[in-house]
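Happy to go through this one with you.

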Amino acid sequence: MPTSTALTAAGAAPPEPLAPNLQARRIGIDTYRENVVYLRRDCPLVRAEGFQALAKVEVASNGRAILAVLNVVDDARMLGECELGLSEETWAQLAVADGAPVTVRHAEPPPSMWALKRKIAGERLGADEFAAIVRDITAHRYSKIELAAFVVATDQFALDRDEVLYLTQAMVDVGQRLEWPQQQPVVDKHCIGGIPGNRTSMLIVPIVAAHGMLIPKTSSRAITSPAGTADTMDCLAEVELPFERLREIVREHHGCLAWGGRAALSPADDVLISVERPLSIDSPGQMVASILSKKIAAGSTHLVLDIPLGPSAKVRSMVQAQRLKKLFEYVARHVGMTLDVVITDGRQPVGCGIGPALEARDVMQVLHGDPGAPADLRNKALRLAGRVLEFDPDLRGGDGFALARDILDSGRARITMAAIIEAQGTRGFDWRDPPLAAMTHEVTSSATGAVTAIDCERLSRIARLAGAPKAAGAGVDLLHKIGDPVASGEPLYRIYAETMAELQFAREVATRASGFRVGDASDAGAAGEFAPEF
């Protein structure tokens, strides 16, 4: 959560007098991780201070101060003349009662603005400069416009490997850290994303935890995808766990599946994600810093990293995959983390469901050994779990896969997952009859043949247009995979949406291009130039 700052600090000179008091008013506007306040244009303070729309201001009340962006209101029905409207984010951070006195004044520019301007100009930054920028990001001293400038600059002027290391270290330093004394190794698994479904972490965590290894899995919500691990786990259990509760669950059950933002493990990353999401930016440097900073903050010492490779994945060539692998390895080595990078087959979605509830169903089918469980999700999860288990110094190299399979098939993973769900707060999810959105549309094949290619990016977009992840029951349910024979008119997948408008949006995009290619069976099934490990 964004931090607030005290009005005075020990040994500091008293601040300049603030402008005359206003009254706080909660106006119920969601500004998504940005502090925004509202004043009427005819408010005496606006004229006296020369405030303009989008000005950055300092808002104070009852010994707390935060920085916010000012919006100017012309409608007298919205606010009183001497009222300060607070967005939901601002209200939560300032923690005041309706009608409480508040003061507003011009905010000083962020101390790191000079460093941000250097990066916008394409210059290389050092460790101290990244530390200053990240401190200001965490303290919400930057507006969304300024944050967007930083995100775009680090994307356009690619960070070199030392800059990525400095950014990673800076992001770790501003958050809380979980520590696990006398517990070694502390393991984790992460995927860089870009492949719909692919919910392997929700199988790996109970497998590894059942073996007795610590795996404190903290995940993000979706950035540009139809579901993140936290979104999918949220169908099964509470994921917004306080720092201490997260620690207790891991100590008792050896693992968890939680949203990292609630535990404030890497608060700067959560702010940056709020800008990256609408821009659909996920640059390599930001990706490495985001992933590794959260793993370090969670106390992990060993990590298996999944890089899917495919024509519609985030990484689309082996050269690009190897370059990213080396960048992860360089940063991990310098922060003292043991890293095993695995390049996997990213030519198509993993599992059948795309969207939180559909993906949760797939996971539970695998855990319960259901005959209809997606075999590709099961096999990939077992292979990755095997790699994680081989971090155990008492396990012989190469034995991990067999051990993971035994833990899953024996039911130990299912029992462990049930315990984790109960500890985090069960949602009562029925995987046999999942709560899917009521409106559906089937997309059919226009030809007879075999499925030769599936566009992951296209299917992700269709699932998002259908309402995922905001609507947990929305998304896409795949009925065929690469290599499957299909007849003309046969359904390829089913779209689920909560509203007719969302269903129509998704249907129109699917009609223009379904995301499936159907052709000669000889063109299907070969990894070809991608040649992933599995």
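Q: How many helices and strands are there in the protein?
A: The protein has 18 helices and 19 strands, where helices (H or I, at least four residues) and strands (E, at least two) are DSSP runs numbered from the N terminus. This is a predicted model, in which local features need pLDDT of at least 70 and side-chain atom pairs count only at pLDDT 80 or more, while totals for chains, interfaces and linings use all residues. Residues are numbered from 1 along each chain as its sequence is written, and side-chain values use heavy atoms, with hydrogens and water left out.

Q: Why is Asp362 called buried?
A: Buried means under 20% relative accessible area, with exposed over 50% and partly exposed in between (1.4 Å probe, protein chains only). Asp362 has 2% relative accessibility, so Asp362 counts as buried. This residue sits in helix H13 (residues 356–367).

Q: How do you know that the buried residues of helix H3 are on the same side?
A: The buried residues of H3 are Met113, Ala115, Leu116 and Lys119. They cover an arc of only 160 degrees around the axis, so they lie on the same side of H3; the arc is that of the directions from the helix axis to the C-beta atoms.
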